[in-house]
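Here are some notes to read alongside the model.

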Amino acid sequence: MDDDNNAFVQWRHAPARAWRYCPLCRAELIDHAWDGKMRRYCPQCGFVYWERPLPAVAAVVLRKGPPEEMVLVRRRYPPEVGQWTLPGGGVEAGESVVDAVRREVQEETGLAISVDAQLGTWSTPSSETIITFFVAHPVGGELKAGTDAMEAAWFPLRELPPLAFSTHRDAVKMLLQQRG
Ligand SMILES: [Zn+2]
């Protein structure tokens with residue numbers, strides 16, 4: 001994608017209350033209770049906006065040592081610009097979570113990976129996103145920051161920089177605990 005377009009893209013999830021018009025028939029949406037919860041509803045064609053969290057994936061990519069090392073990327077775009085995180089991103093329609101994590105790691109780090117295990121799934125504090133974390137190892141490619149990242153680098157597991165996002169910190173903490 002053309003980098004210059006990023007300034008004009010709304011990356012944040014649009015909450016249900018921000019939806020004003022029916023995407024099917026263009027009538028004005030109203031609030032209506034469905035399953036005990038107020039939802040945006042189209043009185044003209046019956047469209048209901050079922051607001052749900054966005055599925056995302058992230059990877060702990062490990063390289064055998066000593067010392068054993070993990071790949072981190074430094075974010076180029078908001079939120080948390082300049083902070084280190086695990087590589088990852090949103091799951092696209094038509095791909096599995098494993099396809100998604102392979103693609104995101106390739107895009108952000110240049111590495112081809114093989115997935116070894118699933119670490120767990122966390123909801124972000126806002127509950128806007130649910131992130132499934134995988135443990136993987138590189139099987140090809142060269143470490144090189146993609147367009148979404150300012151930098152990509154290997155870090156020894158015991159010398160990690162502070163990570164952005166509580167979900168990433170929790171997932172890495174669990175991994176380190178599992179490894180003793
Ligand atoms: Zn409608």
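1. **Ground rules.** This is a predicted model, in which local features need pLDDT of at least 70 and side-chain atom pairs count only at pLDDT 80 or more, while totals for chains, interfaces and linings use all residues. Residues are numbered from 1 along each chain as its sequence is written, and side-chain values use heavy atoms, with hydrogens and water left out.

2. **Layout.** The protein has two helices and 10 strands; these are DSSP runs numbered from the N terminus, helices being H or I with at least four residues and strands E with at least two. Read from the N terminus, the order is β-β-β-β-β-β-β-α-β-β-β-α. The C-alpha atoms fill a box of roughly 65 × 40 × 30 Å along the principal axes.

3. **Helix α1.** This helix covers residues 97–109, and its 13 residues should span 18 Å at 1.5 Å a residue, which agrees with end C-alpha atoms 18 Å apart. (The expected span is 1.5 Å times one less than the number of residues.) A100, V101, E104, V105, E108 and T109 are buried in α1, where buried means under 20% relative accessible area with a 1.4 Å probe, protein chains only. Seen down the axis of α1, the buried residues fall within an arc of 125 degrees, so they line one face of the helix; the arc is that of the directions from the helix axis to the C-beta atoms. Their cover includes β4 (54–63), β8 (111–123) and β9 (129–141).

4. **Helix α2.** Residues 166–178 form α2, where the 13 residues should again span 18 Å at 1.5 Å a residue, in agreement with the 18 Å between end C-alpha atoms. Its buried residues are T167, H168, A171, V172, L175 and L176. Among the elements that cover them are β5, β6 (84–85) and β8. After α2 comes G180, whose phi is positive, near 75 degrees.

5. **Whole chain.** Of the 180 residues, 39% count as buried. Among contacts (heavy atoms within 4.5 Å) between residues at least 6 apart in sequence, 59% join residues at least 24 apart.

Conventions
Buried means under 20% relative accessible area, exposed over 50%, partly exposed in between (1.4 Å probe, protein chains only).
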